[in-house]
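Work through the following exercises with the sequence and the coordinates at hand, and try each task before reading its solution.

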Amino acid sequence: MDKKTIQTYDQLAKEYDEETAPFWEIFPRTFIDRFIELAKGKILDVGSGPGRDALILKQGGLDVICLDASETMVKLSQEKGLKSILGDFSSMPFENESFDGAWAYTSLLHVPKSDVEKPLSEIRRVLKPGGILGLGLIEGETEGYKEIGGVNAERWFSFYTKDEIEELIRDNGFEILHFEQFKPKSKNYLNFIAKKK
C-alpha cells in the first residue's frame, strides 16, 4: 500500500472505524459466514484495518492474525483484543504455508493494478495447500486517488470487473469456489471465495 493511503488511515482511523463498524449489519452476512464455514484453523486477515471483520471471524471460531500497514489501525485492533501485526501486503512477515485461510476484504483495492499480483502471490505463499481465500473488491474500471465515504482524505482505489478478478484469481493459482455480490448504493461489491491449488 502506498504511503499517502497509509497516512490517511493513520490520521483518520477512528473515523473510519466508526463509519464502517455496522458494515455486516447493513449488508448480507452470507459471504463472511460462508468463508467461516470453509476456512478452518489459522486465518490471516490481510489489511485488517481496525479489526471489524477479524472480530467476526474470531467469533466464528477461527484463530485470526491481523496484518495492516497502518500503525494506528494495528493499535485499534489490538485494543479490541486481536493479534495484530504491522506489515506490508507485498512482503508478509510469515513463513511459507503457515495459514489455513486468508481474508482480504476490500484491502487489495488500495494496491495499483500493476502491482496487485505481488500481494496475491504472497497470500498464496503463506497459505497451506488447499487454503481458503476470501477476496472482496469493488466493481469498476478506473484507479487512482479518491475521497470515498466518510473519510475526507484521498486514498488509492483500484476497481475491477468481475472478469478481471476471475482471471487474477486463476492466474495466481486459485480455484474459485463461491461468488456473490451486493450493491447497496452506487458501489457493487464483488466477493469471491477461492482455494489454493
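**Exercise 1.** In this predicted model, determine which residues of helix H4 (residues 52-59) are buried and what covers them.

*Solution.* The cut-off for a buried residue is under 20% relative accessible area, and in helix H4 the residues Arg52, Asp53, Ala54, Ile56 and Leu57 are buried. The cover over these buried residues includes helix H1 (3-20), helix H2 (23-26) and helix H3 (30-38), together with strands S1 (42-46), S2 (63-68) and S4 (99-105). Just after H4, Gly61 adopts a positive phi of about 95°.

**Exercise 2.** Describe the salt bridge between Asp17 and Lys80, and classify both partners as buried, partly exposed or exposed.

*Solution.* The closest N and O atoms of Asp17 and Lys80 are 3.0 Å apart. This pair links distant parts of the chain, since Asp17 belongs to helix H1 and Lys80 to the loop between helix H5 (71-79) and strand S3 (83-86), 63 residues apart. With a relative accessible area of 15%, Asp17 is buried, whereas Lys80, at 30%, counts as partly exposed.

**Exercise 3.** Identify the residues that form the negative surface patch, and state which helix gives the most to it.

*Solution.* The patch is formed by Glu117, Asp163, Glu167 and Asp171. Helix H7 (residues 162-171) gives the most, with three residues. Asp163 lies in this helix H7 and, because its relative accessibility is 57%, counts as exposed.

Terms used: Residues are numbered from 1 along each chain as its sequence is written. This is a predicted model: local features need pLDDT of at least 70, side-chain atom pairs count only at pLDDT 80 or more; totals for chains, interfaces and linings use all residues. Side-chain values use heavy atoms; hydrogens and water are left out. Patches are made of residues with over 30% relative accessible area and no salt bridge: like charges are joined within 9 Å, nonpolar side chains (Val, Leu, Ile, Met, Phe, Trp, Tyr) within 5 Å. Accessible areas come from the Shrake-Rupley method with a 1.4 Å probe; for residues, only the protein chains shown count as cover. A salt bridge is a side-chain nitrogen of Lys or Arg within 4 Å of a carboxyl oxygen of Asp or Glu. Lys and Arg count as positive and Asp and Glu as negative; His and the chain ends are not counted. The place of a charge is taken as NZ of Lys, CZ of Arg, CG of Asp or CD of Glu. Helices (H or I, at least four residues) and strands (E, at least two) are DSSP runs, numbered from the N terminus. Buried means under 20% relative accessible area, exposed over 50%, partly exposed in between (1.4 Å probe, protein chains only). Contact means heavy atoms within 4.5 Å.
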